[in-house]
Amino acid sequence: MSTGVERLFDELGHFGRFQACLYFAAVFQAMSCGIHYLASVFFVETPKFLCDAPWNITNVLYGNHSGNSLEDVWSFYKPGNGAVVVQTINGEQWELSPCLKVQRHDAVNFRYEFYGNRSVESCGHYVFDHSQVKQSIVTDWDLVCEKEWLAKLSQPTFMLGVLIGALVFGDIADRVGRRPILMATSLCQFVFGITVAFTGNYYLFVVMRFLLAMVSSGYLVVVFVYVTEFTGNKVRTWTSMHVHAAFAVGIMVVALVGYLVRVWWLYQIILTLSTCPFLLYCWKFPETPFYLLAKGRHEEAQELLDTIAHFNGLEPKLKVSDLLDDNGKALLKSTQKDENGLEEPEKKLSLLDMFGSWKMASRSATCWAIWFIGSLGYYVFSLGSVNLGGNQYVNLFLAGAVELPSYFIGCFAMDRVGRRRTCAPALLLSGVACMLIIAVPQDIEFMAIILSMTGKFAIAIAFGLIYLYTCELYPTVIRSLAVGSGSMMCRVGSVVAPFCVYLAGIWIYLPQLIVGILAFIIGVLALFLPETLGEPLTSTLEEASALGTKFSKKKTKEDGVQMNLTDSKA
């Protein structure tokens, strides 16, 4: 029988009807986070483009192909494989390239080859091939050539908002509660999401996307805590992992809508509206029992316990007083007593305590590396899937779809073979799959796609389990700090990921190769982490340091309130 607040799950069910309805309702909105995180894949899509000729075009030549307008040769045009020669209505001849145009002087005949005098001019405007992309922010605001970096900066800026949002809203949720933050971030997601579609210039677009990133990240952080505090430990591994599955479904929605809608602002509106039904019922969400008890709001907690019992078909016999044992009551206080019975402030621990010994230092460094490569690999595979060749919409859909079985397999393996024996092989598999891409000829696209999806499948397992694994590797006194600092490394990886994806301009598979090498090295390091499956949660640094040794077999009991309140601060 569990003690403390965890006892309520033994009495009322670990995943009863009430928790199930609440869980799926909350996780539904998590799809919007996956949607907004990956939406930029098609925002910044750059179609074929050329400098615009100064006059109306009457004749066009490109190699052996001719026509009366640029639309006649777009399907044959390949950037970097020669210019497009056009003749204007007044007889001028121009050679059009993506970032410059050349005027021919004294040209008599209209031919592709010309050996006379030319003059080079810069581009004032651009003409785009709209056969595949009707409108993107690139075509609307000419984010090409010297402005190309602005288009590439939009996703890193979004990820910076994700980092800041995780820090801000995670802390606020511990102060004002989970429910208000879930409601506020959901409403702001809708408002900012619609506003993004109606921004009239690039800079306002980036600002609104930054704010959207903050609230999306805030929701994702808090919903993870919310569902954890409403589900018992028998199903907590599955419920926490499958929050990520909802994120993956969001990626699949992006691919589907991107395929059907090729106008960026309409695409953004549809993506935002896809999860707006959540706003109709999120105001009915209750606060979590852990938070209510931690804040001393016992009457509200009792009403919630009675509601859960009724909804789960049980008699409401459980009382708040039954959940507050001595340890739980002590946890609600911010001071502790010394040996003379006097109250003294609780000792504050810092980041340095994670590196207090060589064993803990190596463990912390390895955990941080797993957090970093998990996030870096996840977003490199997702954002870079459209660069692998073949159909970019199918590639992105597959990048989301392969995550779904990865979480099922990851949960099963974690509870059967252990955390370390799941995490390390997953990273090694991802590394090997990515490094094998270097041996695939560039014209065999399907093999590169298969290997890349294998890498995404494996990295998703490691990325999904590191949350729980970190909680189990560190003691209560620094557990929140460990998960919080790991989450920071995760956000750093997400900020770096877009820049890594841009390396595909040097070699199309370079981003996957970089992730593969790092994943393999970190996978080897993960083999030296202690196994935590079946081990009790530790309370002190000494107990945590002894994990994996014979001393760790000593059973330690910990109140359920401690675990969940400290984890929630991540």
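Modeller: Buried means under 20% relative accessible area, exposed over 50%, and partly exposed in between (1.4 Å probe, protein chains only). This is a predicted model, in which local features need pLDDT of at least 70, side-chain atom pairs count only at pLDDT 80 or more, and totals for chains, interfaces and linings use all residues. Residues are numbered from 1 along each chain as its sequence is written, and side-chain values use heavy atoms, without hydrogens and water.

Colleague: Is Val524 buried, exposed or partly exposed, and why?

Modeller: Val524 lies in helix 21; it counts as partly exposed because its relative accessible area is 32%. Helices (H or I, at least four residues) and strands (E, at least two) are DSSP runs, numbered from the N terminus.

Colleague: How is strand 5 covered on its two faces?

Modeller: In a regular strand the side chains alternate between the two faces of the sheet. In strand 5 (residues 93–96), Gln93 and Glu95 on one side are buried, as are Trp94 and Leu96 on the other.

Colleague: In which sense does strand 5 pair with strand 4?

Modeller: Two strands pair if DSSP finds at least two bridges between them. Strand 4 (residues 84–88) pairs with strand 5 in the antiparallel sense, over four bridges, and Trp94 is the bridge partner of Val86. The two strands form a hairpin with four residues between them, where Gly91 in the turn has a positive phi of about 95°.

Colleague: What joins strand 5 to strand 6?

Modeller: Four bridges, again antiparallel, link strand 5 to strand 6 (residues 100–104), with Lys101 as the bridge partner of Leu96. This hairpin has three residues between its strands.
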